[in-house]
Amino acid sequence: MTGPLNGTKTLALNLALTDLLLLAALVLGAALFWRAQRIRETALRVTRRHCEREEVLLLDQTVGLRRLRLRRDHGGRLRLWRLYEFEFTVTGGERYKGETEMLGERVQRVVLPPHRFTREPDQLH
């Protein structure tokens, strides 16, 4: 009775442990995905504000992840460095590619390459 019963209990315990590990992996994956989405939303919000301030139009209302690396912050801690790419226009006829750089959850910079700009005609008074 000891042999088969212990074998069955061990098998049941292993399956339960495997299920718990699988569940933990799924929860961890979901948490990482949620955090990455939150960081992307931060990059998009900052990019929108920057485009408004520079009087250019953000196209497609989105940013796309272009690069992902490990880098150290000013405190020496390892963080994920993300480079997001976006497109914008000034005249409506040409598309330019800009970049938003993030280190961890902080925006490092938003870069707009040289581009045309429209100048409002002088108003006569």
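## Close-up views of a predicted model

In strand β4, threonine 100 is the bridge partner of tyrosine 84. This is a predicted model, in which local features need pLDDT of at least 70, side-chain atom pairs count only at pLDDT 80 or more, and totals for chains, interfaces and linings use all residues. Residues are numbered from 1 along each chain as its sequence is written, and side-chain values use heavy atoms, with hydrogens and water left out.

View 1. Helices (H or I, at least four residues) and strands (E, at least two) are DSSP runs, numbered from the N terminus. Along the sequence the pattern reads α-β-β-β-β-β. Of the 125 residues, 24% are buried. Buried means under 20% relative accessible area, exposed over 50%, and partly exposed in between (1.4 Å probe, protein chains only).

**View 2. Strand β3 (residues 78-89) pairs with β4 in the antiparallel sense.** The pairing runs over eight bridges; two strands pair if DSSP finds at least two bridges between them. Six residues separate the strands of this hairpin. In its turn, glycine 92 has a positive phi of about 95°.

**View 3. Strand β4 (residues 96-103) is largely enclosed by the rest of the structure, because six of its eight residues are buried.** β4 also pairs with strand β5 (residues 106-111), antiparallel, over five bridges. Leucine 103 stands opposite arginine 106 in β5. Two residues lie between the strands of the β4 and β5 hairpin, where glycine 104 takes a positive phi near 70°.

**View 4. Histidine 115 lies in the segment after β5.** Histidine 115 counts as partly exposed because its relative accessibility is 26%. Leaving aside neighbours within four places in sequence, its contacts (heavy atoms within 4.5 Å) are Val56, Phe88, Val90 and Tyr96. Tyrosine 96 is 19 residues away in sequence, yet 7.3 Å away C-alpha to C-alpha. The histidine 115 side chain also reaches the backbone oxygen of proline 113 at 2.8 Å.

**View 5. The largest pocket holds about 180 Å³ of space.** A pocket is an open set of points on a 1 Å grid over the protein atoms alone, where a 1.4 Å probe fits, with protein on both sides within 12 Å along at least five of seven lines; lining residues have an atom within 4 Å of a point. The lining includes Arg35, Asp73, His74, Leu103, Gly104 and Arg106. By class, the lining has six charged, three polar and one nonpolar residue.

Technical notes
Grid points are joined across faces, edges and corners, and a volume is the space filled by probe spheres set on the points. Ala, Val, Leu, Ile, Met, Phe, Trp, Tyr, Cys and Pro count as nonpolar, Asp, Glu, Lys and Arg as charged, and the others, Gly among them, as polar. A polar contact is a pair of N or O atoms within 3.5 Å; within protein, one must be able to donate a hydrogen and the other to accept it, and residues adjacent in sequence count only if both atoms are side-chain atoms.
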